[in-house]
Amino acid sequence: MPAWLDFVLFQGVWFAAVLGAARGAAFAGPLAAIGYVALRLASKTPARRVLVLGGSGALLGFGVDGALRSAGWVHYAAAPGPTWLAPPWILGLWVAFALTFAGSLSWLTRRPLASVLLGAVGGPVAFWSGERLGALSLNASTLWVLSGAWALATPLLARVALRSSEAA
């Protein structure tokens, strides 16, 4: 799959998840993420790599967004379940984001500093945008916490992607 198409598809997952959550349709994000995973598999990305990257993204999302929600730094729309649990639409975004490291973000796998910078800036921008669209609300200092979390998570996913490509 060409990098530009991977980028466009991920943006589609992001908008489906965020706008779906903002409108109370929490299922839209996970369904879009499932479709994206299916397209990744159809594009000849090895199933093992999809599983490793997607599973890593889900685990990171479970930990990071579960902690953010539990601490009260982020309040998610369409978030069923206990307050320590990241909502399904966010987990779908994490899975899809992790898979972009096998596509449009593959260039980051050998550029750790660039992945730190992208995470430190891109993570908070995505959350801020999601807040503007009504999918979540943030406390005043949360953007700094998000910047730190994403500055760690993005290079970690890039490293997992690099290792999974070498093992394939």
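T100 sits in the loop that links helix 4 to helix 5 (112–132); helices here are DSSP runs of H or I with at least four residues, strands are runs of E with at least two, and both are numbered from the N terminus. The model is a predicted one, where local features need pLDDT of at least 70, side-chain atom pairs count only at pLDDT 80 or more, and totals for chains, interfaces and linings use all residues. Residues are numbered from 1 along each chain as its sequence is written, and side-chain values use heavy atoms, with hydrogens and water left out.

With a relative accessible area of 1%, T100 is buried (buried means under 20% relative accessible area, exposed over 50%, and partly exposed in between, using a 1.4 Å probe and protein chains only). Setting aside neighbours within four places in sequence, T100 is in contact with D6, F10, Y36, L105 and S106, where contact means heavy atoms within 4.5 Å.

Next come the helix pairs. Two packed helices are described by the angle between their axes and the distance between the axes. Axes are lines fitted to C-alpha atoms, for helices over the stretch in contact, and angles run from 0 to 180 degrees between N-to-C directions. As for the labels, angles under 35 degrees count as roughly parallel, over 145 as roughly antiparallel, 65 to 115 as roughly perpendicular, and the rest as oblique.

Helix 1 and helix 4 have axes that come within 10 Å and cross at roughly 170°, so helix 1 runs roughly antiparallel to helix 4. On the helix 1 side the residues are F10, V13, W14, A17, V18 and A21, and they meet W89, L93, A96 and F97 of helix 4. The tally for this contact is 10 nonpolar, no polar and no charged; Ala, Val, Leu, Ile, Met, Phe, Trp, Tyr, Cys and Pro count as nonpolar, Asp, Glu, Lys and Arg as charged, and the others, Gly among them, as polar.

Helix 2 also meets helix 4: their axes come within 8 Å and cross at roughly 20°, so helix 2 is roughly parallel to helix 4. The crossing is left-handed, that is, the near helix is turned anticlockwise from the far one by less than a right angle, whereas clockwise would be right-handed. G29, P30, A33, Y36, V37 and R40 of helix 2 meet P88, W89, G92, V95, A96 and L99 of helix 4. These residues divide into 9 nonpolar, 2 polar and 1 charged. G29, in helix 2, counts as buried because its relative accessibility is 1%. Residues up to four places away in sequence aside, G29 touches A16, A17 and W89.

Helix 3 brings V50, L53, G54, G57, A58, L60, G61, F62, V64 and D65, which meet I90, L91, W94, V95, A98 and L99 of helix 4. The residues involved split into 12 nonpolar, 3 polar and 1 charged.

S164 is buried, at 4% relative accessibility.

F27, in the loop between helix 1 (3–22) and helix 2 (28–42), is exposed at 56% relative accessibility. K44 lies in the loop between helix 2 and helix 3, is exposed with a relative accessible area of 73%, and has a phi near 75°, a positive value in a residue other than glycine. A78, in the loop between strand 1 (74–76) and helix 4, has a positive phi too, near 50°, and counts as partly exposed at 22% relative accessibility.
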